[in-house]
Amino acid sequence: MLLALALGALGLGCTMRQDYVPHKGPGFDHCGGEVFCSPGQHCADPSLSVCEEGCLTDDNCDPSQMCDPNAAAPRQCIDRPTSDAETPMFDSLAGCKAACDHFLDCGLDADEAAQCRTDCEGFTVDQQTDLAHCGDDVACADLPSCLGVQCVSTNDCQNDQSCVENACVGGM
């Protein structure tokens, strides 16, 4: 079922939410409640969960970019100079496969974790990166939210429910 989970969450299938936005990883800025500003945006008002275009620091940019130090407000994210070795290049395929291993630790069936690792090879770099961010420092309890599903394993369900195709069913 992780195949359906990953494909849907990455926009390759039709069974998962289409509004999936990963909210962990470099460039994503928590902005109150459940709102996360995307790379290239910053949190203008956490009490109202308002994101605005532009960056305040490099932390508001994709890892391959930096906040333009020479621009007037609002500053924009620009590509890092090739000589800037401050941030090593992210290996999206390795990150994707590592995320599958993390999902296994969170209760995903071993066969599905193996299929996930194989599926990573067919994903685009952006899709690999999106899946990798859900496996990067995301607590098992927060994994379904990151992936945009109700559950990854029965451990995510309550009241004696079972996780079937990423939804909690049955029980009381």
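Q: Buried means under 20% relative accessible area, and exposed means over 50%. In this predicted model, is Cys-151 buried or exposed?
A: Cys-151 belongs to the loop between H5 and E7. Its relative accessible area is 0%, and the limit for burial is under 20%. Cys-151 is therefore buried.

Q: Which residue is joined to Cys-151 by a disulfide?
A: The sulfur atoms of the pair are 2.1 Å apart, and the cut-off for a disulfide is 2.5 Å. The partner is located in strand E7, twelve residues from Cys-151.

Q: What is the handedness of the link of Cys-151 and Cys-163?
A: A disulfide is a covalent bond between the sulfur atoms of two cysteines. For Cys-151 and Cys-163, the torsion about the S-S bond is 90°. The link is right-handed.

Q: Is the disulfide of Cys-31 and Cys-43 right-handed or left-handed?
A: A distance of 2.0 Å from S to S joins Cys-31 to Cys-43. The pair links distant parts of the chain, with Cys-31 in the loop between strand E1 (29-30) and strand E2 (36-37) and Cys-43 in strand E3. Cys-31 is buried at 0% relative accessible area, as is Cys-43 at 16%. Because the torsion about the S-S bond is about 70°, the disulfide is right-handed.

Q: How many residues apart in sequence are the parts that Cys-61 and Cys-77 tie together?
A: A disulfide with an S to S distance of 2.1 Å joins Cys-61 to Cys-77. Cys-61 lies in the loop between strand E4 (50-53) and strand E5 (65-67), whereas Cys-77 lies in strand E6, so the separation in sequence is 16 residues.

Q: Which side chain makes a polar contact with the side chain of Gln-41?
A: Gln-41 is placed in strand E3 (residues 41-45), where it is buried with a relative accessible area of 18%. Beyond four places in sequence, it is in contact with Cys-51, Glu-52, Glu-53, Gly-54 and Asn-60. The polar contact has a distance of 2.9 Å, and the partner is Glu-53.

Q: What distance does helix H2 reach from its first C-alpha to its last?
A: Helix H2 covers residues 92-105, a total of 14 residues. At 1.5 Å a residue, the expected span is 20 Å, and the model comes close to it. The helix reaches 20 Å.

Q: Which residue has a side-chain oxygen that reaches the backbone nitrogen of Leu-93?
A: The oxygen comes to within 3.3 Å of that nitrogen at the start of H2. After the helix comes Gly-107, whose phi is positive, near 110°. The residue at the start is Asp-91.

Q: Is Asp-160 buried or exposed?
A: Most residues other than glycine have a negative phi. In the loop between H5 and E7, Asp-160 has a positive phi of about 60°. Asn-159, in the loop between helix H5 (143-147) and strand E7 (162-164), also has a positive phi, about 55°, and at 48% relative accessibility counts as partly exposed. With a relative accessible area of 68%, Asp-160 is exposed.

Terms used
Residues are numbered from 1 along each chain as its sequence is written. This is a predicted model: local features need pLDDT of at least 70, side-chain atom pairs count only at pLDDT 80 or more; totals for chains, interfaces and linings use all residues. Side-chain values use heavy atoms; hydrogens and water are left out. Helices (H or I, at least four residues) and strands (E, at least two) are DSSP runs, numbered from the N terminus. Buried means under 20% relative accessible area, exposed over 50%, partly exposed in between (1.4 Å probe, protein chains only). The expected span of a helix is 1.5 Å times one less than its number of residues. A polar contact is a pair of N or O atoms within 3.5 Å; within protein, one must be able to donate a hydrogen and the other to accept it, and residues adjacent in sequence count only if both atoms are side-chain atoms. Contact means heavy atoms within 4.5 Å.
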